[in-house]
Amino acid sequence: MNINFKDKKTIALMITAGTLILLTAAIVAIVFLFPAKKIEIPDFSNKSKVDVDAWILENDLTVEDVTFTYEYNETTEKDMVLSQSILAGEKLKKDEVLNIILSNGYDPTLVVTIPDFKDMKYEEIHQWFTDNKFTDVTYEYIPDQKVKKDYFIKSNLTASEAHRNDMILISISVGTESVGVEITMPDFADYTKANIQAWGKTNNMSITFKTEASDKIAKDKVISQTPKAGETTKTGGKVTVTISTGKGTTAVKFDGKTKKDVDAWAKENGIKISYVEAYDNKIANGTVVSNKPNSGTIATGSTMTVNISIGKPSIDNYTNKSKDSFQAYVDGLNKKSANIKISVTEVESDKAIGTILKQTINGKVVTGATTADTGTTVYIEVAKVKSVAVASKAGSSYDDFKKYVEGLGMKVGAKTDRYNDTYNSGIIVSNDTGNKVPGTSINYVQSLGKFTITVGDLNNITKDAAQGKINNANNLGAAWTISFSAPEEKPGIVSGNTFDCAVDLNSKKASCKVSKGSSMTVENKAGVTESEFINYIKGLGMTPRKISEEYSTTVAKNSIIRNVNGPGYWPGATIDYVLSLGDDPANATATFPNYSETTLIGGTLDATKTNVRNALSPFTNITFVTQNVSTEDPRPNFTVLSISIPPKTPDVKLNTEVIVTILNKE
């Protein structure tokens with residue numbers, strides 16, 4: 001091809017092309033030499049959405065650069081920043097999106113357990129709902145014959161739990177005062193809800209509130225009331241008041257729509273959206289499952305809850321990872337209604353305990369992330385320690401047994417000693433066997449050898465002691481028996497002890513005779529104390545028995561008067577005895593008291609008798625005689641005239657009759 005460089009058109013084209021090339025080169029140079037300024041991300045902690053919006057505007061960013069996601073938070077105020085997807089100090093790269101997580105305030109749909117309001121007053125109930133952030137609680141005040149004024153009557157709740165944004169009606173008693181009195185209804189147009197409730201309480205009126213959006217009536221103002229203002233009604237009746245929620249929008253049912261559709265509608269109508277994500281087997285990812293409210297009018301600025309599908313859950317492959325980490329992962333899926341279940345089978349393996357060896361979903365071993373229906377059960381095989389077969393080491397020495405057990409990586413456990421006819425002392429009789437994991441303690445039985453006993457071991461000991469020796473051996477596996485004859489006389493052998501024992505080592509049987517001792521002579525122990533007598537009789541192996549007590553002038557009190565005695569008594573016999581009560585009280589004497597008749601006089605006859613009895617104690621056999629005289633007798637009345645026994649008379653029996661004569665004026 002030939003180019004004519006002298007042609008004007010050719011020259012013009014060449015100049016134009018050169019200019020374009022230079023311009024392009026200049027632009028490239030500017031891009032490389034003067035790159036676009038990168039924006040540094042600030043720390044939005046404790047900042048509000050207003051602060052973030054100002055930063056976006058200041059840096060000429062758009063909704064494609066910065067997005068907002070709302071999450072409910074019980075402790076952080078609405079529109080405050082909870083977290084950010086890019087750390088503070090990092091640069092916002094090209095095509096990168098900064099996501100800001102904002103608090104949506106406390107969750108109005110949170111389910112709260114409702115207490116029993118019985119016996120609670122209005123103030124307590126109102127405070128509880130306020131503290132727990134309930135948003136739609138109405139109180140009606142109704143008369144009640146049984147419930148005291150200001151106390152709870154009932155509610156519209158049918159369960160023990162409720163959402164914070166549920167419509168709740170609490171009925172409070174106003175007692176029985178002022179019921180049936182005619183009143184004129186006020187105009188509630190300028191009343192607040194609290195004012196209306198106070199008016200209802202004052203007039204024993206049951207107030208029911210309804211809400212309704214209105215383009216004409218301001219938010220929280222009254223739209224209508226029944227009965228109407230100015231009408232006559234009676235206290236104790238019912239009033240219905242409709243409150244405006246402000247300008248409203250007709251709620252839309254978004255079933256089957258996308259999140260984009262919901263966001264566009266919400267932005268256009270000034271409605272806040274709270275998204276709740278959940279897995280769904282039938283509805284595609286990003287599609288609305290349901291929303292609340294989905295009909296009627298919703299106030300501007302209020303929140304609509306939208307349940308949105310995230311499709312079927314995708315379950316990651318956790319083979320070679322720990323069972324605990326998989327459980328935590330599944331718990332995270334189940335928070336969004338995946339309802340995934342785990343079935344665990346333990347398999348012996350060389351891998352670490354708890355390692356997942358195989359993961360199976362719907363009958364197939366997975367090798368990567370697997371999509372499954374909600375409610376699917378994931379079957380996993382999990383590593384456990386390999387067990388080792390432990391064999392019987394019966395017949396081995398203890399040292400060989402210990403070496404064997406420790407060689408398996410296990411420990412020697414508890415020892416049990418047993419008599420054994422087959423193995424010598426110190427030899428292993430038996431041990432724990434079967435599959436055991438390393439570290440297990442292996443218990444064992446060690447032989448004491450064959451049990452033997454001699455005649456000398458059994459002779460001249462108590463019957464119980466002989467039986468005890470055999471029992472102790474049998475507790476260790478000896479399997480012996482012993483028999484005893486009826487007691488018989490055996491001089492020199494204490495009663496109850498064994499003699500002439502025999503032992504058969506082959507049949508493992510022993511037998512013994514039992515002595516009842518030899519007859520003895522019981523001595524006459526008259527005059528000894530009772531305690532000395534009892535010790536004497538028991539020392540003979542016999543039993544003392546007191547059969548009576550008697551007075552005695554020769555044997556001291558608590559001493560033996562007589563006892564059974566003589567030869568021919570065997571151990572175990574009962575020996576009777578009679579105990580002395582000492583001398584008979586009827587024979588007791590004393591020196592008669594020193595007295596003076598003139599000092600015994602009393603104010604009455606009975607008083608004088610009492611003085612006499614006191615003065616003559618211990619003599620009690622007293623006979624009183626009165627000598628009647630005229631009132632002219634100069635002697636004092638009730639004077640003791642005589643006592644039949646003189647003062648200080650020695651050795652007078654205590655039962656001697658004493659005659660006392662007393663003066664008695666008529």
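Me: Where is Ser244 found?

Reply: Happy to start there: this is a predicted model, in which local features need pLDDT of at least 70, side-chain atom pairs count only at pLDDT 80 or more, and totals for chains, interfaces and linings use all residues. Residues are numbered from 1 along each chain as its sequence is written, and side-chain values use heavy atoms, leaving out hydrogens and water. Helices (H or I, at least four residues) and strands (E, at least two) are DSSP runs, numbered from the N terminus. Ser244 is found in strand β15 (residues 238-244).

Me: Is Ser244 buried or exposed?

Reply: Buried means under 20% relative accessible area and exposed over 50%, with partly exposed in between (1.4 Å probe, protein chains only). Ser244 has a relative accessible area of 1%, so it counts as buried.

Me: Which residue has its backbone oxygen 3.3 Å from a polar atom of the Ser244 side chain?

Reply: Leaving aside neighbours within four places in sequence, Ser244 is in contact (heavy atoms within 4.5 Å) with residues including Ser214, Ile217, Ala218 and Lys219. The one whose backbone oxygen lies 3.3 Å from a polar atom of the Ser244 side chain is Ala218.

Me: Which residue of β5 is the bridge partner of Thr67?

Reply: Two strands pair if DSSP finds at least two bridges between them. Strand β2 (residues 66-71) and β5 pair in the parallel sense over six bridges. In β5, the bridge partner of Thr67 is Asn99.

Me: How many of the residues of strand β5 are buried?

Reply: In a regular strand the side chains alternate between the two faces of the sheet. Leu98, Ile100 and Leu102 are buried on one side of β5, and Asn99, Ile101 and Ser103 are buried on the other. For strand β5 (residues 98-103), the buried count is six of six.

Me: How many aromatic pairs does the structure hold?

Reply: Rings of Phe, Tyr and Trp (its six-membered ring) pair if their centres lie within 6.5 Å; planes under 30 degrees apart count as stacked, over 60 as edge-to-face and the rest as tilted. By that rule, the number of aromatic pairs is 21.

Me: What kind of pair do Phe117 and Trp128 form?

Reply: Both partners are buried, Phe117 at 3% relative accessibility and Trp128 at 19%. Their ring centres are 5.9 Å apart and their planes are at 75°, so the pair is edge-to-face.

Notes: Polar contact = N/O pair within 3.5 Å; in protein donor to acceptor, adjacent residues only side chain to side chain.
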